[in-house]
Structure formats: structure tokens, C-alpha cells
Amino acid sequence: MSKYIIFSDIHLHNYSGGVDPETRMSKRLLIQKSILQQVIDLAIQEDAILLFGGDICHAVGNVPVEVLNIIHWFFEECKKLDVKFYAVLGNHDMILRNNCPASHSILSPFQNREQRDKDLALLKPTIRFVDYDQMDGVEEVKDYDLVVIHAQPDLTNKHDFHMEGVNWKKIAKNNRLVFFGHDHTRRELSKNCYVIGSPMQLTMNDVDEQRGCYLVNSEDWKVDFIKLDYPELKKLEKIDSKEEVKFEERIKATSFQDILVEWIDREQKPQSYLDLIQKDITDKVQVAKTFFNGKIQSIYLKDFLSIDEIKVELKNGFWLVMGENGTGKTTIFEGILWTLFDESTKSLAKSEVIRDRPTQQKEAIGELCLVDNDNFYLIHRSSKNGLEITVDEKNVVAGMTKVQAQEFLEKQILGFDKNTYLASCYFSQEQLLTLAQLGAADTTNLVTNLLGFETYDSLYALMDLKKKEGTLQLELLEQSSVKLDNEIWKNSEQQKNLKEQIECSLKTQCSLKGEQSAVTIQIGELTTLLGNIVVPSVTTEEIDVSLSTLNVHKTEMSTKQRTLQENGQLRTQDLRKQLSILQKDLATIIQEQNKIDNENKLLGIKTTNLCNDIEKHEKIIASLKENKCSYCGTILNKEDLEKHILDEQDIIKNLKSKLEVMPPDVDERLNKLYDMEAQNQELTENINKQILESDAEIKSLITLNFAEITKIECDIQELQVKKGQAIKEQTEANGRKASLTAQIKQLNDRKLSLNAQISQININAKQEQLTDLTIAFDCLDAKKLELNNDKVVLVDKLAIYEFWHNTFSNKGLRTLLLDRFVNEFNSIVKNYCYEVSGGEFIVEFTPTSKIRSGLERNKLGLQVIYKDKTINYAALSGGEKARCNLPLCLGLNKWISQKHGLSNGIFGIMIFDELFCFTDTKFRENVAQVLFDEGKTKSIFVIDHSDLLMSYTSDLWLLSKENDITKLQVV
């Protein structure tokens, strides 16, 4: 016979909530140590073996030193007291840090897995442990007396939420007793299958539930639960709220027709205002807004920001999202926002959402699986291809533009926009958007959109159309009125013109007859003058012959002058060529003279140098006669002296042989060259003289020839003047004759024109036209009066349509209907305020808000009542604002859920980024309890850097980064 003490999921951790002053350890950790001491005492008392179901520590990958000390103490205490202890490896036990062996766990230093399995195999009855990483084939385990598994069994919790897991029924059927670790809630699944649960209350979800361990006796296989001693968690007592403030509803009617009747009474408008639009509002009812009544089942992200590829299913509960800075804690939730609305709270550009580390990717992809009862929607967004919505394997937005597809998603499927989602689901630090952060107008628009005023929107559009139609009709009437005015003015002007024309015609007729008589007299006078003109007969033939002769002579003289110039130039060119040849010869002669002179100079210098050298050596020989060296003064012997003299003589002989003598013909050559130079200069002077004489001769001949040409030209000019004078006299006489002829013709034409004008003047026809215009004027005046009456009626209608246009706008009737929303919303928010603050403050909306001038406008206003004193939201501290924002966010989510029958809230998800920033412990404890209650029907995610919140939940999302890529672990 054997006995077993079975416990699990103690989750050792240095939780927040106070430090023991003596041990300097977390009070919560000391309580957990006492639990371990109690199970050791029970094992000694019952002589039992301790079996542990897994998760001895809580922090994954970063186990505090205090926890390691407690584990070491526990194992050493078991050894010292001879208590056998075997532990299943849970998911929290197995992951320590990066780059560790897969088999390594927090228990590796204290318990070897292989040795544990060998020891268990030797025990009778038979025992089988299934670690968290050994789930393959777990449902096939059979024929054991006792099976301890660290896994989630497949079941439905007390909140009717299905928790997927292993098939416990099959395992229980094939084994005597089965115990499950991992799930913290103690459960009796069947007579032989149990969920061990945690040995103490760990989170607020455990309130009012007994926790401890199980005692199993192999003699009769009886299973007894033993409650352990621990401080029990208690829910905060709800403080009775003060009497709720209700705002009087300014529109009390509920039916659409009655609301409009009450509205025109309030605005002091006559019944005719409603009669005009009665046919437009018949059978109108306020249409309820359709919201998506489902949940986000799963999230899939690929190459989005720092995420490589992640797919995760969402489950109800209070989930803590942890990780170091920059690991991507908010990235997954930004992915939800981006997939739904193609935006992020960081206002990133389209290309910036694509992962670019460690390498640049081509596109980012996000997928949300939405489940609404039996309806499934797959929302797929790609940074490259845009939005796709798959329903029954069909893309329902195929062929739509980007804007149309987004509008279809928000209006036909979701029923809300980005602002609603951010205000009620996503408490983001990057872009904090709650009802407190919105302006009065934005808040009013958000709420009226949520209220679903489709009837008001359609009537607003209809009234706008009526206004446009009326305005168009008024413009047409104005155009007709302007046209009539123009026609009346035109008629008046025509009458005036006709009267003036009749009067003018009488004057013109008289004037034309007078002018006709004057023209006849002028014709007679001009005819007389024409007969008196005499045209002279002048001949120019003789003048033309003389001009021709003079021109021929002038041409001959010009030709002669060109010939003289050409001959002179040719003769001068020949002489200059001869002169050039002589100058070249002279240069050659001078060059040869210089060459001979240079050779003489060089020979003289060379001869002088050789003579100097010879003289020098002769002086040396003369000095040697004194038997000593002339350079250093050394006394020489005879033999050396003779040798030295011989050497000097040889040098002198050699130098004399080099002396050269000027050739004998050099002087003769120089004299010949001098003679040639003189002869050349004489010839040059003769040629220059010939050139001057030739130029003077040619110049003289040309001068004489030019004087002759000038005389001829003067004669030609005199003849041309004489000819021109004769032609001028003849032309003037012909011109006068032609002018008089033309004047007579013009006067005759004028006389004919005057006869035609006199015959065309018809005063009787103009009198008849004047009568017709007077009758037409009376008709136009009657039409103008009728048109003005129509304009007055249309302006009145436009004023009524403008009234209803404003009525159905965001600033009209619907703002007064917010009274009911304010009362409903404040009732919900008030409860959250008391739960969060313990009754210290209340956040209330008012149906009106004050502007700076003190006037009230029909827009939602926000007031914070803190300890019975109304204060400005902007004056609150960061922590106080967080305490106000949270009830507003939760309240809006709940109000929408109640209004539209959403069992799980919007999407069944709420996200709080840095919710507890700037807040104290009391606030965290109050909010933790609220979030646990909310987590019964939805997924609550709280993003935080610290592990302080681990004392409130055991559900974790752990984020880390490897090679700049975000990794997610769900614990």
C-alpha cells in the first residue's frame, strides 16, 4: 500500500504586494514557501510520496534568485526528511533562456528526468508522468494506476467558454486515476479524473474557491482533497453609489412622428412646416445600427513591422503581455488595427509597415478570422494588394476600389469605424483615443453614429436634395425674371427708338431735299472749271537721246579708269617681286659674312688659349733649372729633373701642333661679299624709285579721268531735272482734270443716293410698329407679376427645407436626443468608476457643453466629479486621467454591447497598453478585479514592462526578439 500527495502549479515568484521586513523577501513568496512546508508535513504525517503536476516557478526565462533559493531549500528539506518528491515538467519550468538545450529545465539541477522515469518505473502501483513537451501520443497512454499530465484538458469552463485540449475521457477510460496540471482551477472531471489546480489562490479569478492538494491511497484508490492554509483573496466590497443624476430629456417622444411634432413646437414653428414634408417622412422609423456580433478567433501576421510570421488564437481571460522595450509587445495589436482599418496608431506610411530587418521584405500581410455564430469572415490585408474579405470562399470586395472595399467592411460587416474601435477596444499609449480625448463635436459625431440615426441621415440628404431642387428652381425663376426684365427693357427701348426714328425721319426728309438742291449747283460749277483746263504738249525724245550719249561716254571713261588702275597695279607688283628677290639675296650675303666673322673670332680665341698654355709650360722649364719643383718647392735630383723637363717639352710640342692658321682666301671671300652687298643695295634703290614714279603716273591719269566722269554726271543730272519738270507740268494738268471729273461723278452718285433715301423714308410703317410694341409691353408686365408671386412661394418653401435640413443635421434634433444616451451611458460608467476608484470620482457626460463665452451648445460635455467637486479633466494627473479613461473605455464597450446585443463586446477583445503607468497599487488591485470580470466574456490584454501584474493573472504572452524578429510565446 502507498499514499501520494499530489499538488501542482504553485508558480513561485517574488510577486508585488509587500516585502517582509525580516527576510526582505516578497510576502507572497513566503506564503508559497509555507505551502511547500505544509505538503512536506503532510507527506511525513501520511508517509506519502509527493507528486507534483508541473510549473514550480512562474517567470519564464528569467527566474529570480529568491525563487531559486526556495526551490533549493525545498529539495534539500525533502532529502533531509527522507521525503520522496517527483515532479512533472510544466511549460513554465522548461524555458530558461535562449541557446539552452531543449531538455534543460529549471528542475535540471535538482531532478534528472531520465533518473526520475527510472525511479517511477520501479514503483508499485504503476505511475506515468507526461511532461509538457511529451504531448505526442498522450491520449494513447493506458494501463497505468496513476497518470499525472501537465496539459490542458478539453472542457468548458464556468463562463461557458470552450477550452481546447487533450481528450481526458479517453485517457481516464484507459487508466485507473488521471490528474491534470496546467489549469489553475481545481475540477473533478469524473470519478477517476481530476484537474489538480493551484495549491493556493493565485489570482483574483480564484476568489471564493478552495485550493490545496489531493491525497491518494492505493489501498482503495480513494481520492481526498485537502485544503491548505493560505491567506484568502477577497473581492473589494462595492461602495454604494450616490444617487444617480438624471438629465431631463428635452425630447420626450419616442415615435418618429411625435418627435418631429414636439420639435416644431419647441422651435415655435407652425404646423405647415411639418405638412410640407409629411409625404417624405411617412412610414419612416429609426433604423437600428447593425454591429458585428462575434469575436476575433485568430490573428495571422507576416512581415509586419518586426514580425516574421505569427499566428495565434485568442481566448477569453485576463492576459498579461510582457517583454523588454522594442520586442514588439504592441506590434500584434497594431496588426489588428492595420488589418481592419489600414492604419496604425503610429501613423506609419504604407511602406513603413513592411518588415525591413534583418532584410527588406516585399509586402506585409495581416489576416483576422472573425466568427459570428455560424458565419466566418476572413479579413485579409496586404500592403501590396490591399483588402480582401472572404465569405464562403468568395472575395466579396473583388472589383471594388480601395475606398469602396474599406467602406463595405466598416458599414456592411463591422458596423463601426476606427475611432469607435480605438475608443472602446484599444487603450493605446501611442494614440490615446477615449471619449475624454475627443473634442465635443467629435464625441457627439461618434455617439450619434453609434446610435444609428440612419433615418435622420437619409432625411438630411433628402432635405439637402430638396434645398438644391428649390434653389435650382429659384435660380430658373431668377433667370426667367431677368429674361423678362430684359424683354421689358428691350420693348421700352424699341418704343423710344421708334418715336425718335419717326421724329428724326421727318427732319431727315427735309434735310435731304435741301442737300439735293446744293449738289445740283455744285455739279454745274465743277463742269465749268473742267472745261477751262488746258493740258500742255511736251516731248522728251531729244533729252532722252542726249542722256543716252552721255551715259555711254560715262561708261567708257569708267572702263578706262579701271584699266589704268589694273595696269598700274600689275607694274607695281612686278617691281615689288624684284625687290623681294633682292632683299632675300641681301639676307643671304649678310648671313655668310656673319658666319666668316664668327669663325675668325673662334679661331683667335683658341689660338690665344694655346699660346697661354705654351707660355706657362715654358716658364715651368725655366724654373726647373734651379733644381726644384716650381709648384711645391721640392728639391729634385738630376734624373727626376731631366724627366720632368722632357715631359714639359712634350706637352709644349703637343700644344703647338694644335695651333691653326686662318685660310688665305678668307679675306678675299669677305671682300667679294661686301661688293655683292653694295651692288644689291644699289639695285634696291633703283626699283623703289621706279615704284614711286609708276604710282605717281597712274595717279595723275586716274585724276584726269575722274574729272571727266564728274563733268559727264553733272550734264546728265541737268538733263534729268529738265525732263522731270516737263513731265510734272503735264501730270499736274491731267491730275486737276481727273480730280474735277471724279468730284462731278461723286456729286452725281450723291444726288442719286439722296433720291433713294428720300424715297425710302416711310413714317406710316413705323407708326404701326409702335402700336404693336405697346401691346407686347402690357403682356410682359403681367408675366412679371405672376413670376414674382411664384418666387415668394418658393422662398418660403426653401426656408422650411433649410429648417428641416438643420433639424436632421448633426447640430439639430439628434443632439437633443443625446439626453437618453447620456443617462444610459452615465449609469454604466458610474459603476466602473466606483469599481476602479473605490468611490473617489465619477466621470459624467452632459448633453450640453459650455464654450468660453459661457454659452451652452448642444454637444456632449464631460465633467469629472472628484470627491464631490467638479474639476477639469485637463487638470488631472497622469494617474487620475488613466482612472478616468478606463471607465470611459469599458463603459463605451459595454454600452455598445447592450445597445446592439453584443454578447462578447466589440470583437470580444480589449487592449490596454501601459494601463498601469503612473498608477498606484490600490488602482492596480481595483482594476485587476474589473478586468477579471470582463475577461469572462472577452479577451483582455494588458501590455506592461514589469512583472508586477503577475500576481493578478497567470495567462501570459511573452515577447522577445531574435535577430530583430519578434517571437511570441503563449503561456
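Trainee: Which residue is the bridge partner of Ile-865 in β25?

Mentor: Two strands pair if DSSP finds at least two bridges between them, and strands (E, at least two residues) and helices (H or I, at least four) are DSSP runs numbered from the N terminus. In this predicted model, local features need pLDDT of at least 70 and side-chain atom pairs count only at pLDDT 80 or more, while totals for chains, interfaces and linings use all residues. Residues are numbered from 1 along each chain as its sequence is written, and side-chain values use heavy atoms, with hydrogens and water left out. Here the partner of Ile-865 in β25 is Thr-870, and Val-864 stands opposite Ile-871 of β25.

Trainee: How many bridges join β24 to β25, and what lies between the two strands?

Mentor: Strand β24 (residues 861-866) runs antiparallel to β25 and is joined to it by three bridges. The two strands form a hairpin with two residues between them, and in that turn Lys-867 has a positive phi of about 50°.

Trainee: Which strands make up the open sheet, and in what order?

Mentor: The open sheet has three strands in the order β21-β24-β25, with antiparallel pairing. Its edge strands, each of which pairs on one side only, are β21 (841-846) and β25 (869-871). For angles, axes are lines fitted to C-alpha atoms, for helices over the stretch in contact, and the angles run from 0 to 180 degrees between N-to-C directions. With direction ignored, neighbouring strands of this sheet are turned by 35° against each other on average. Helix α19 (residues 878-900) packs on the sheet and touches β21 and β24, where contact means heavy atoms within 4.5 Å, and the helix direction makes about 55° with that of β21. Between β21 and β24 there are six bridges, in the antiparallel sense, and Phe-845 stands opposite Leu-862 in β24.

Trainee: Is strand β26 mostly covered or mostly open?

Mentor: A residue is buried when its relative accessible area is under 20%, exposed when over 50% and partly exposed in between (1.4 Å probe, protein chains only). Strand β26 (residues 909-913) is mostly covered, with five of its five residues buried. Ile-909, Ile-911 and Asp-913 are buried on one side, and Met-910 and Phe-912 are buried on the other. As for its partners, β26 pairs in the parallel sense with strand β20 (residues 426-427) over two bridges, and Phe-427 stands opposite Phe-912. Five bridges also join β26 to strand β27 (residues 939-944), running parallel, with Asp-913 opposite Ile-943.

Trainee: What lines the largest pocket, and how much space lies in it?

Mentor: On a 1 Å grid over the protein atoms alone, a pocket is an open set of points where a 1.4 Å probe fits, with protein on both sides within 12 Å along at least five of seven lines, and lining residues have an atom within 4 Å of a point. The volume is the space filled by probe spheres set on the points, which are joined across faces, edges and corners. In this model, about 1100 Å³ of space lies in the largest pocket. Its lining has 44 residues, of which Gln-152, Met-163, His-182, Trp-319 and Asp-955 lie nearest the centre.
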